Amino acid sequence: MKFSANLGFLWTDRPLPDAIRAAKAAGFDAVECHWPYEVPADTVKAALAETGLQMLGLNTRRGNVSAGDNGLAALPGREAEARAAIDEAIAYATVIGTPNVHVMAGFAIGEAAHQTFVANLQYACDMAASSGLTILIEPLNKYDAPGYFLLTTDQALRILEEVAAPNLKLMFDCYHVQLMEGDLTHRIKDLLPHIGHIQFASVPDRGPPDHGEINYDHVFGVIAGLGYDAPIGAEYRPTSETAHSLDWLKAQISG
Ligand SMILES: O=C(O)C(=O)[C@@H](O)CO
Ligand SMILES: [Mg+2]
């Protein structure tokens, strides 16, 4: 297996370029992040070039976070902001060579939200296609993100089918899917053609993948057995320094 360090949660105690260097030193094969926008794209690009790592993904801005926003793309009436966030994410990703942009839906419910999300995703896929990028959508769990528009892989699949763009894929986060649906390995097998990226963390505490409800030795084996060879994203919250949370990675590397 190859692993990507999610720098939205790992090495958050240091500037993004140093977090990239730390991920390289720890043995990760790639990195990914949430919202890198405060760091100039050229600075991130230089750290990626220095380490030889690729930044696999980044998210669109969430909107006005202090007012409760957690994404904009499914919010009727906020289309201009949502599309500006999509444009910004695609531009940043293009500079740093990132292949995937996660378009965040936000807190919304109902048919108007669905139609808005579909229309904004059509826009995102059109804009991304000219740069060769993939747009991702990610179901989140109802405990961490109550009221989030996109909650299940079935709902995501319906949206993928409706948008029907070849560059729209599913972000399959094992942590969220376990909390909402369970049956992880069947879901991964069934959804494989639609999956653009996989993430993981322990359940229920979102820690490193070495304890809790999910046996990740087994899940990683299933993913590898399916021939999935892209790096998968370690998106967990270390309880102390990130360096102290990496026994699982050392075990995976030493085989
Ligand atoms: O929370 C997650 O899981 C993510 O992957 C974030 O990028 C979205 O909040
Ligand atoms: Mg995730």
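**Ligand shell, annotated sites and helix packing**

The shell around ligand 1 comprises 1 nonpolar, 5 polar and 3 charged residues, where Ala, Val, Leu, Ile, Met, Phe, Trp, Tyr, Cys and Pro count as nonpolar, Asp, Glu, Lys and Arg as charged, and the others, Gly among them, as polar. Its members are H34, N59, H102, E138, L140, D173, H176, Q199 and E235, a residue being taken as near a molecule if its C-beta atom, placed from the backbone, lies within 6 Å of it. The model is predicted, and local features need pLDDT of at least 70, side-chain atom pairs count only at pLDDT 80 or more, while totals for chains, interfaces and linings use all residues. Residues are numbered from 1 along each chain as its sequence is written, and chains are lettered from A and ligands numbered from 1 in the order in which they are written.

Two residues of this shell, E138 and E235, also carry the feature "active site" in an unreviewed UniProt entry. They are spread over 98 residues of sequence yet cluster in space, with a largest C-alpha distance of 13.1 Å. UniProt positions follow the numbering used here, feature names are shortened, and annotations may be inferred rather than shown by experiment. E138 sits in the loop between strand 5 (134–137) and helix 5 (153–163); helices (H or I, at least four residues) and strands (E, at least two) are DSSP runs, numbered from the N terminus.

Next come the helix pairs. Helix 2 (residues 41–51) and helix 3 have axes that come within 8 Å and cross at roughly 35°; axes are lines fitted to C-alpha atoms, for helices over the stretch in contact, and angles run from 0 to 180 degrees between N-to-C directions. The crossing is right-handed, a term used if the near helix is turned clockwise from the far one by less than a right angle, with anticlockwise giving left-handed. A41, D42, V44, K45 and L48 of helix 2 meet Y92, V95 and I96 of helix 3, contact requiring C-beta atoms, placed from the backbone, within 7 Å. This contact has 6 nonpolar, no polar and 2 charged residues.

Helix 3 (residues 79–96) in turn packs with helix 4 (residues 111–129), their axes coming within 10 Å and crossing at roughly 30°. The two helices are therefore roughly parallel to each other, the label for angles under 35 degrees, with over 145 counted as roughly antiparallel, 65 to 115 as roughly perpendicular and the rest as oblique. Their crossing is right-handed. E79, A82, R83, I86, D87 and I90 on helix 3 face T116, N120, Y123, A124, M127 and A128 on helix 4, giving 7 nonpolar, 2 polar and 3 charged residues.

Helix 4 and helix 5 have axes that come within 10 Å and cross at roughly 60°, which makes helix 4 oblique to helix 5. This crossing, too, is right-handed. F117, V118, L121, Q122 and C125 of helix 4 make the contact with I159, E162 and V163 of helix 5, a set of 6 nonpolar, 1 polar and 1 charged residues.

Two backbone details complete the picture. Most residues other than glycine have a negative phi, and most peptide bonds are trans. Between V203 and P204 the peptide bond is cis, with omega about 10°, and P204 lies in the loop between strand 7 (195–200) and helix 8 (216–225). W11 has a positive phi, near 50°, and belongs to the loop between strand 1 (3–6) and helix 1 (16–26).

Terms used
Contact = placed C-beta atoms within 7 Å.
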